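Have the structure open while you read.

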Amino acid sequence: MCGIVGYVGPEPALSRLIEGLRRLEYRGYDSAGVALLEGKTVWTRKRVGRVDALDQALGDAPESTTGIAHTRWATHGGITEENAHPHCDGSTGLAVVHNGIIENMNALREQLESEGVVFRSETDTEVLPHLIRKFYTGDPVAAVRSALRLVNGTYGIAVVFADHPDLIVAARLGSPLVVGLGDGETVLASDPQAIVELTRRVVYLDDREIAVISRDGVKVERLDGRKRTADVTVIDDDAYGVADLQGFPHFMLKEIHEQPESIQRCLRGRLQLDEGNAKLGGFQMDPRELVRIERIIALGCGTSYHAGMTGAMAIEALARVPARAEVANEFRYRNPIIPRDALFLAVSQSGETMDTLGAIQEVRIKGGNVAGVVNVVGSTIARTAGKGVYLHSGPEIAVASTKAFTSQVTALMTFTLMLARTRNLSLEAGQRMARELSAVPAKVSEYLHNPGPIEAVADTILDARYVLFLGRGFSFPVALEGALKLKEIAYIPCEAYPAGEMKHGPIAMIEEGTPVIFVAPSDVHRDKAISNMKEVQARGAKLIAIHTAGDHEIAALADVSIPVPEVADFASPLLTVLPLQLLAYHAGVKLGRDIDKPRNLAKSVTVE
Ligand code: F6R
């Protein structure tokens, strides 16, 4: 999604802005641009495509120590140079970069056009520089504040003014912004990832706040004029770091192979093997509060929703607390009932997904209880929830989520253990569960060292018109996740179904040679899964089975057998998802796809 970077300081701004944009590339975008202050005007340059294309077009850029830059993921208006940011007012006296959507842009545009303003782009953003110019009488903050009063929608903006060469004005409503404090220099970004190399001392902006950024630091006010102290947070978490491939050809493959370590980090210091319990202090709930929870509702999108489904199944099965997962945006807009005795879990890697954020805001407005299950420390969802568990997966750069999924599931299983111990889980059963969880990283590593015939399976599905993923119980969300990965990375048409539901429709899609990927570990559903395998085979399907090592019956039945190490039923998704991640990866590579930045996708989806 769109990214913002800004710099004010003693050094040339351009190199810092471009470096910041490069660190945001992983989020997905389709054009990029920069604005630098030059004498009495603002100099801009924009290019469609990668930051490299912009960088190559900057030979004549002025020396400037103040600037803003942007990567755009198109929403309003096509992918063109005119629509790329920054956008200027008619006299190029000011420039704006913007993340979010201005919902009343048509009315504002009509009004401005009737006043003689000429628009150069099709974007919603362009109303902002013209509105700010309209209200500008020499005071940048007053002009931005007046303009924003007329705007409906969401924004994170940065504005530079030609006649205030050492200043950036930023404001946020619904789109994150963070200010980094350096030594005599100050930086701004929509994602701390862009600035952590320069400084780890940051001030997060909250909604309806405006920031005045200069070399000396930042002053933050509410949009309504009230003052607030700019509390400084020091980012010392490993969720941000150097985006380094470390010899892997793609971040996705690197992140798949990081899973033994990322799962281990998620468990570290949390499992209490002797007590058969888990300690998740971030939930800020003692056993007396935990025992009052009568239901759990996990909210998330995409992969995080699949992790939420897996967690909800474990909570019901092991803690015997009614639990379910909901797609965050569907939940948000149906005027949901928020039970007083429920705990809502906001599951998100980035902590910035607008749909999930909107859902938990709705829960909070209705007085509900929310905790985050989030990777990025200090992200908006983590701060809005105010409590919960961090995943400690480290930075996930590939657009397709892999290690975040296994860490989310791990964190939810750990929470399940803690919750179950406040109910009917015995000491012995708790000790067993804690031991089983602690054994997972080694099993994941064992599988990744011997992944089975994944590349051969990839070859067989490259030309498939349709691939069906099936699973029962804990393996159904895994099937969903496998299909999502294959769509995202390889663009191969596929869908996932609960295996028992397959005969109610999707079975009609099966013809001679249709690949059916069956997730069938040796759990309570295994025998029924075998019946379903026979049903699809009888109709000509090519059966690819992911099963527990040592299950000779399934191995013999399948056309291709992919064994994974044996683990407890509830932990099976942490193993069975691995071959599906690798399958999507290898299919994508063989088809020449852009693995880490698949078409149309963004790493963190900050618009609705
Ligand atoms: C899938 C993927 C997306 C995200 C979804 C939620 O590989 O990356 O489906 O899982 O956009 O993002 P987060 O977890 O950041 O809230």
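Leaving aside its neighbours within four places in sequence, which residues is Phe 415 in contact with? Keep in mind that this is a predicted model. The answer is Leu 280, Phe 283, Leu 290, Ile 296, Ile 315, Leu 343 and Leu 345.

Several of those names come back once we look at strand S17, which covers residues 295-300. Five of its six residues are buried, so S17 is largely enclosed by the rest of the structure. It has two pairing partners worth a look, S18 and S19:

| Partner of S17 | Residues | Sense | Bridges | A facing pair |
|---|---|---|---|---|
| S18 | 323-327 | parallel | five | Leu 299 and Glu 326 |
| S19 | 342-348 | parallel | five | Ile 296 and Leu 343 |

The path from S17 to S18 goes by way of helix H9 (residues 302-319), and S17, H9 and S18 together form a right-handed β-α-β unit.

Now for the packing. The largest nonpolar core has 96 residues, and the members that touch the most others are Ile 296, Leu 345, Phe 415, Phe 469 and Leu 486. At least three residues of this core come from domain 2 (251-448), and at least three from domain 3 (454-590). Apart from it there's another core, made up of 29 residues, including Leu 94, Tyr 155, Phe 161 and Val 212.

Notes. Residues are numbered from 1 along each chain as its sequence is written. This is a predicted model: local features need pLDDT of at least 70, side-chain atom pairs count only at pLDDT 80 or more; totals for chains, interfaces and linings use all residues. Side-chain values use heavy atoms; hydrogens and water are left out. Buried means under 20% relative accessible area, exposed over 50%, partly exposed in between (1.4 Å probe, protein chains only). Helices (H or I, at least four residues) and strands (E, at least two) are DSSP runs, numbered from the N terminus. Two strands pair if DSSP finds at least two bridges between them. A crossover is right-handed if, with the strands pointing away from the viewer, the path from the first strand over the helix to the second runs clockwise. A nonpolar core is a set of buried Ala, Val, Leu, Ile, Met, Phe, Trp, Tyr and Cys residues joined through side-chain atoms within 4.5 Å. Domain bounds come from an automatic or database domain assignment. Contact means heavy atoms within 4.5 Å.
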